[in-house]
Amino acid sequence: MRDDELLTVPEAMARLKIGRSALYDLIRTRNLASLTIGRARRIPALADYVQRHLEEAAR
């Protein structure tokens, strides 16, 4: 995945292997960044999210 790639909700769900509710919970709690373009939700930088959680788990 490129750094500037914006994922749709289904694409982000598939890459994280989580359900729709779990993904929207991450967005709602601001653990996962997202932006809205018109009516479309897009998820940038999954690599940053995964890296941050790997670092937290290593503590």
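**View 1. Leu-6, a partly exposed residue.** Leu-6 has a relative accessible area of 37%, so this residue is classed as partly exposed. The model shown is predicted. Leu-6 sits in strand S1, which spans residues 6–7.

**View 2. A nonpolar surface patch.** Patch members need over 30% relative accessible area, and Leu-6, at 37%, is partly exposed.

**View 3. The Glu-5 to Arg-15 salt bridge.** The whole structure holds 2 salt bridges. One of them pairs the side chains of Glu-5 and Arg-15, at 3.6 Å from N to O. Glu-5 belongs to the segment before S1, and Arg-15 to helix H1 (residues 9–16), so the contact ties together parts 10 residues apart in sequence. Glu-5 is partly exposed, with a relative accessible area of 26%. Arg-15 is also partly exposed, with a value of 42%.

**View 4. The Arg-28 to Asp-25 salt bridge.** Here the side chains of Arg-28 and Asp-25 meet, with an N to O distance of 3.3 Å. Both residues lie in helix H2 (residues 20–28). They are 3 residues apart, so about one helical turn separates them. Arg-28 counts as exposed, at 60% relative accessibility. Asp-25 is partly exposed, with a relative accessible area of 38%. The cut-off for exposed is over 50%, which is why Arg-28 at 60% falls in that class.

Methods:
Residues numbered from 1 in each chain as written. Predicted model: local features only at pLDDT ≥ 70, side-chain atom pairs only at ≥ 80, totals over all residues. Heavy atoms only, no water. Helix = DSSP H or I, 4+ residues; strand = E, 2+ residues; numbered from the N terminus. Buried < 20%, exposed > 50% of the residue type's maximum accessible area, 1.4 Å probe, protein only. Salt bridge = Lys/Arg side-chain N within 4 Å of Asp/Glu carboxyl O.
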